[in-house]
Amino acid sequence: YLIMKIERTKELIENGELNFSEIAYHIGYHHPSALSRQFKKETGMTLSDYQQLDKWDRIPLDRI
């Protein structure tokens, strides 16, 4: 379930339509900082770091 949240977060970042706070609430976190901490713990990078990557690395949700 956690991997699904992380990969959905990546997908929403790549989409570029929502800011980080909106993504956090969309994913089900009550506080954006909770998503930030979890994302960094699981991926080793911040949300901003992921957003700025030249090539995104995401598992498609239908493959999880």
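What follows covers ring pairs, a few individual residues, a surface patch and salt bridges.

First, the ground rules. This is a predicted model, where local features need pLDDT of at least 70 and side-chain atom pairs count only at pLDDT 80 or more, while totals for chains, interfaces and linings use all residues. Residues are numbered from 1 along each chain as its sequence is written, and side-chain values use heavy atoms, with hydrogens and water left out.

Let me start with the aromatics. A pair of aromatic rings is described by the distance of the centres and the angle of the planes. Here, rings of Phe, Tyr and Trp (its six-membered ring) pair if their centres lie within 6.5 Å; planes under 30 degrees apart count as stacked, over 60 as edge-to-face and the rest as tilted. How many aromatic pairs does the structure hold? There are two.

One is F39 with Y50: the ring centres are 5.9 Å apart and the planes stand at 75°, so this pair is edge-to-face. It links distant parts of the chain, with F39 in helix α3 (residues 32-43) and Y50 in helix α4 (residues 47-51), eleven residues apart. Helices here are DSSP runs of H or I with at least four residues, strands are E runs of at least two, and both are numbered from the N terminus.

The other is Y50 with W56, where the centres are 6.3 Å apart and the planes are at 20°, so the pair is stacked. Together, ring pairs link F39, Y50 and W56 into a cluster.

Are these residues buried or exposed? By buried I mean under 20% relative accessible area, by exposed over 50%, and by partly exposed anything in between (1.4 Å probe, protein chains only). F39 is buried at 0%, and Y50 is buried at 1%. W56 is partly exposed, at 33%.

There is also a charge over a ring, which requires NZ of Lys or CZ of Arg within 6 Å of the ring centre and within 35 degrees of the ring normal. K5 lies over the face of Y29, 4.6 Å from the ring centre.

Contact means heavy atoms within 4.5 Å. M45 sits in the loop between α3 and α4 and is partly exposed, at 22% relative accessibility. Setting aside neighbours within four places in sequence, M45 is in contact with F39, K40, Y50 and L53.

T9 belongs to helix α1 and is buried, at 0% relative accessibility. Not counting residues up to four places away in sequence, T9 touches I23, I27, L35, F39 and L47.

Patches are made of residues with over 30% relative accessible area and no salt bridge, joining like charges within 9 Å and nonpolar side chains (Val, Leu, Ile, Met, Phe, Trp, Tyr) within 5 Å. Areas come from the Shrake-Rupley method with a 1.4 Å probe, and for residues only the protein chains shown count as cover. I3, M4, I59 and I64 make a nonpolar surface patch of about 320 Å². I3 is in helix α1 (residues 2-15) and is partly exposed, at 43% relative accessibility.

Last, the charges. Side chains of opposite charge can pair when their charged atoms come close. A salt bridge is a side-chain nitrogen of Lys or Arg within 4 Å of a carboxyl oxygen of Asp or Glu. A search of the whole structure finds four.

K10 and E7 form one of them, at 3.2 Å from N to O. Both lie in helix α1, three residues apart, about one turn of the helix. K10 is buried at 9% relative accessibility, and E7 is buried at 3%. E7 also touches D57, R58, I59, L61 and I64, leaving out residues up to four places away in sequence.

What does R58 pair with? E11 forms a salt bridge with R58, the closest N and O atoms being 3.6 Å apart. E11 lies in helix α1 and R58 in the segment after α4, so this pair ties together parts 47 residues apart in sequence. E11 is partly exposed at 24% relative accessibility, and R58 is partly exposed at 29%.

The side chain of E14 also meets that of R58 in a salt bridge, at 3.2 Å from N to O. This pair again links distant parts of the chain, E14 in helix α1 and R58 in the segment after α4, 44 residues apart. R8, E11, E14 and R58 are linked in a network of salt bridges.
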